[in-house]
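Here is a short report for a reader who is meeting this protein for the first time. Keep the sequence and the 3D view open while reading.

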Amino acid sequence: MRSVQVGDAVIPALGYGTYGMSHGEINRLLPAALRAGFRHIDTAQIYGNEASVGECVAASGIPRAEVFITTKVWVSNYDSRKFEASVDESLRKLKTSYIDLLLLHWPSTDVPLSEQIEGLNAAVKAGKVRHIGVSNFNRELMAEAIGLSQTPLVTNQFEYHPYLDQSLLIESARQTGLSVTAYCGMAVGRVFSDNTLKEIAVRYGKTIAQVVLRWLVQQQGIVALSRTSQAERLRQNMAIFDFELSPTDMAAVHALAQPDSRIVDPRGLAPLWDSTEPRLR
């Protein structure tokens, strides 16, 4: 497993995402994912499956230090009167004494950003969290969060797939020293019917999912989250570090970007997004 290093944070470049997964699905798939070699698990308070993740990691027999766990604070817990208790609840559910990476899940104007960042910093100072970051922040909010934090932020997690040109946000993250954690990489299945991706996959003898995941992690400073409901695909999705896409094929995937391709845009949570109009590379 290759890693992305940001300061003293070493983040496995391929993570197993658990969004939308029930207790039964976690129990069926996460042990298999860990056996397949996944060592980065991504969950969140709002997913309702932290306890299931914790049970599976604890039962795996893998030393805790070898599994990188990311979770996210939900917006209703940003208030300073709730933040610490919510982190403690996540720790209990995850059956761990520390969280590797704790993120603010979405921007919120209900609580000052300075108070949200202070909650993250306090969790680090208390030894409950090792690294901190944000999720779904635009460039302006990301820069503000970085400026407010005493502890360096290490990532901004947001939607990124071949049809969504996030180059502005990615470049800003790199310039400020953050990694990018990409979710929704398969564009909710859209990639699987794409002729360009089919042709590339055939040439490399790989699946379309492998090509897209490779495209993501081959970009500087990008961590990709992978999610599948089919256990037999877990080892396939892990097998992306034994080949490299040519510059021509990387460009061909970038060229798939189209206007209005954002998938995740919840009203009341989403910020004013940065432009994703495809740009010449």
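Gly 37 lies in the loop between helix 1 (23-36) and strand 4. Helices here are DSSP runs of H or I with at least four residues, strands are E runs of at least two, and both are numbered from the N terminus. Beyond its neighbours within four places in sequence, Gly 37 is in contact with Met 1 and Met 238; contact means heavy atoms within 4.5 Å. Thr 207 is 170 residues away from Gly 37 in sequence and 18 Å away in space, C-alpha to C-alpha.

This is a predicted model, in which local features need pLDDT of at least 70 and side-chain atom pairs count only at pLDDT 80 or more, while totals for chains, interfaces and linings use all residues. Residues are numbered from 1 along each chain as its sequence is written, and side-chain values use heavy atoms, with hydrogens and water left out.

**The whole protein**

The secondary structure comes to 10 helices and 10 strands. The C-alpha atoms fill a box of roughly 55 × 40 × 35 Å along the principal axes.

Of the 281 residues, 57% count as buried. Buried means under 20% relative accessible area, exposed means over 50%, and partly exposed is in between (1.4 Å probe, protein chains only). The accessible surface comes to about 12,300 Å², and 50% of it belongs to carbon and sulfur atoms. These areas come from the Shrake-Rupley method with a 1.4 Å probe. Among contacts with a separation of 6 or more, 74% are between residues 24 or more positions apart.

**Loop residues**

Tyr 47 is found in the loop between strand 4 (40-42) and helix 2 (50-59). Is Tyr 47 buried or exposed? Tyr 47 is buried, because its relative accessible area is 17%. Leaving aside neighbours within four places in sequence, Tyr 47 is in contact with Thr 18, Tyr 19, Asp 42, Lys 72 and His 105.

Gly 20 sits in the loop between strand 3 (14-17) and helix 1. Gly 20 counts as exposed, at 53% relative accessibility. Glu 66 has its place in the loop between helix 2 and strand 5 (68-73). Glu 66 is partly exposed, at 46% relative accessibility.

The table pairs some of these residues with partners further along or back in the chain.

| Pair | Separation in sequence | C-alpha distance |
|---|---|---|
| Tyr 47 and Lys 72 | 25 residues | 9.4 Å |
| Glu 66 and His 40 | 26 residues | 8.9 Å |
| Gly 20 and Gly 48 | 28 residues | 8.6 Å |

Lys 95 lies in the loop between helix 3 (80-94) and strand 6 (99-104). Its phi is near 55°, a positive value in a residue other than glycine. Lys 95 is partly exposed, with a relative accessible area of 49%. Cys 184 also has a positive phi, about 65°, although Cys 184 is not a glycine. Cys 184 is in the loop between strand 9 (179-183) and helix 7 (195-204).

**Pocket and cavity**

Rolling a probe the size of a water molecule over the atoms shows where empty space is left. On a 1 Å grid over the protein atoms alone, a cavity is a set of points where a 1.4 Å probe fits but cannot get out; a pocket is an open set with protein on both sides within 12 Å along at least five of seven lines; lining residues have an atom within 4 Å of a point. Points are joined across faces, edges and corners, and a volume is the space filled by probe spheres set on them.

The largest pocket has a volume of about 900 Å³. It is lined by 34 residues, and Tyr 19, Tyr 183, Cys 184, Gly 185 and Arg 227 lie nearest its centre. Helix 8 (208-217), strand 10 (222-226) and helix 9 (234-238) are the elements that give two or more residues to this lining. The lining divides into 16 nonpolar, 14 polar and four charged residues. Ala, Val, Leu, Ile, Met, Phe, Trp, Tyr, Cys and Pro count as nonpolar, Asp, Glu, Lys and Arg as charged, and the others, Gly among them, as polar.

The count comes to one cavity of 30 Å³ or more. The largest cavity has a volume of about 30 Å³. Of its 10 lining residues, Pro 162, Leu 164, Asp 165, His 254 and Ala 257 are the closest to its centre. The lining of this cavity divides into six nonpolar, two polar and two charged residues.
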